[in-house]
Structures are given as structure tokens and as C-alpha cells.
Amino acid sequence: MIASRRAVLAALAAGPLADCGRPADLPAGVQAASARPSPAAGIRTPRTVPSAAPVLTRAQVVARYGHLRPHSWGFGGPGVIRDLAMSRRVIALTFDACGGRGGSGYDQALIGFLRRREVPATLFLNSRWIDANPAVVRQLAGEPLFEIANHGTRHLPLSVTGRSAYGIAGTRNAGEVYDEVARNQAKLTRLLGVPPRWFRAGTGYCDDVAAQIVTAMGVRFVSFSVNGDGGATFTPEQVHSTITAAPGGCIVICHMNHPGSGTAQGIAAAVPRLMAAGYRFVLLSEGLR
Ligand SMILES: [Zn+2]
């Protein structure tokens, strides 16, 4: 078992959500979020629209938020979306691709199942995973069945004080929060032709000041209400039982970067059962207005 998977298992024992991957050095050649996008040829993103919110520069973020002290730490915070705010039989499946050592795999069986059954899903991609899987990213970005979202640059907990989650040290200040969001936002904007609408922090953790910064940057911070695969450590049976018990209106977090995990089998068992019970699956852009 690789080190990061051990960390995940250890984290499971300590809390409700495990996650994958370790932070890595910043990728070279990253651009500022305000860089003009250059759409990749042949990529369609019909359900992704640019945010109308004003986008702050790094200097503006530091000036406005650099002196604030955080008061909360967890999966929620101001402006953080935890569910679809409805009780109808609608579920948003989201899959994280965390990247890094031991976290850059691609679960082809999972994505293949979603394609065959035409199950929409929102895919949160980290910069490191994008760099490791460029051809897969180009393909997924061209499929209307999937919506691409931002899962951070170095996969760091989003903190203005360097607070850790699962043994991973978080961003240390407002400027690093900006970098964690903006650099992968710029990378995805170049790939998609438009900025992704949604962001989820590495490990899912944030403090309240960092959450405010994400919103001020014109991106919506999405957490989850159902931990569907325990950071890709659940057995297929655990994934199945967790997801079939999910309430309407929930946002389910699972992972698409551990092809050896129980996620694909569990999803393939749970989704038909939920469909038979009248549940419908939506992209975040459909479920959140
Ligand atoms: Zn992750």
C-alpha cells in the first residue's frame, strides 16, 4: 500500500471524510486567473458558463482578507454549498480527481459505466491530475454528460493560517488561498474556453475567511452532503449502501482517480437501483441555479 493510501485510511478513522493525494510543488508556467482564455480546439462545454461576478486580483485579495482571522474549520463555511437545497428525488454525483503521488490514476470502469447509462456527473479535477492525464481531460471536457470543475492546484486544505487536514498542511495565508484556486482555474479556463463555475478544496476542508475569498474570486465553493466512497477506501458494498441511502437533493462526493477502489462497482450497483426508485441524476449546473 502506498503512503498516501495509508494516510487516507488513517484519516478515515479520524473523521468523516478521507481524501487522496499529497501536496506537490507548484506547476511551472502557471498563469494568472485574469489571463485571456484560448479555447482548445474541439472542446465543447455547453453547460459551463462564465461567472458574472467581478474577479479580484491577488493583491486585492491580500488587501481585503489578509488581516482577517478565521473562526471556523471544516467542510462548510460562508457561501459553501453542501446540497441542492431541494428534497425531490434528484442527486448530484461528483467525482474528485486529486492527483499527486498515488492519486493520479483514472477509473475507466467508472467513467465507462456513467457513459453507458448516461448518468451526468460533475468532475472536480486537480492541476496535478490534469498534468498526468491530458488526453483523458480533453476527452471528458468535450462530453456534455460531464461538467468539469476546479479541485485546486496543489490539493491543499484551504486555510489562511496553514491549518492541516489529514496530515496535509493547508495554505498559509490569503495570497496562497488565491494561488490554490486561481492557478488551476486558469489552467481549466485554457482547456475549456470558459472558467469552471465550481471549486472544491483539496481534502474538502476550509476556514471561513478562505471560503469568503473563493466567493470573492467569482467561483462557487462546493462541498458535499454524502461521503460516497470514504476517500476511495470503501468496499463496493459500502459505496452501494451509502449511496442508495442518500436523500434527495444531496451532493455525493466520490473519487475517479483510484481504479483499484470499490467506487466503480459500488456506483454501478447503486445507480440502477436509485433510478428504479425514481431518482434522477444532475450536473451541478442543473441542480444549482
Ligand atoms: Zn481530492
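Which residues of helix H3 (residues 108–116) are buried?

## Basis of the description

This is a predicted model, in which local features need pLDDT of at least 70 and side-chain atom pairs count only at pLDDT 80 or more, while totals for chains, interfaces and linings use all residues. Residues are numbered from 1 along each chain as its sequence is written, and side-chain values use heavy atoms, with hydrogens and water left out.

## Helix H3 and its cover

In H3, the buried residues are Leu110, Ile111, Gly112, Phe113 and Leu114, where buried means under 20% relative accessible area with a 1.4 Å probe, protein chains only. Helices (H or I, at least four residues) and strands (E, at least two) are DSSP runs, numbered from the N terminus. The cover over these buried residues includes strands E2 (90–97), E3 (121–125), E4 (146–150) and E11 (251–255), together with helices H5 (134–141) and H9 (263–276). Just after H3, Glu118 adopts a positive phi of about 55 degrees.

## Nonpolar cores

A nonpolar core is a set of buried Ala, Val, Leu, Ile, Met, Phe, Trp, Tyr and Cys residues joined through side-chain atoms within 4.5 Å. The largest has 41 residues, and Phe95, Leu114, Met256 and Ile267 have the most contacts inside it; H9 gives the most to this core, with 5 residues. Apart from it lies another core, of 23 residues, including Tyr65 and Phe199.

## The whole chain

The protein chain has 10 helices and 12 strands, and buried residues make up 57% of its 289 residues. Among contacts (heavy atoms within 4.5 Å) between residues at least 6 apart in sequence, 82% join residues at least 24 apart.

Technical notes:
Buried < 20%, exposed > 50% of the residue type's maximum accessible area, 1.4 Å probe, protein only.
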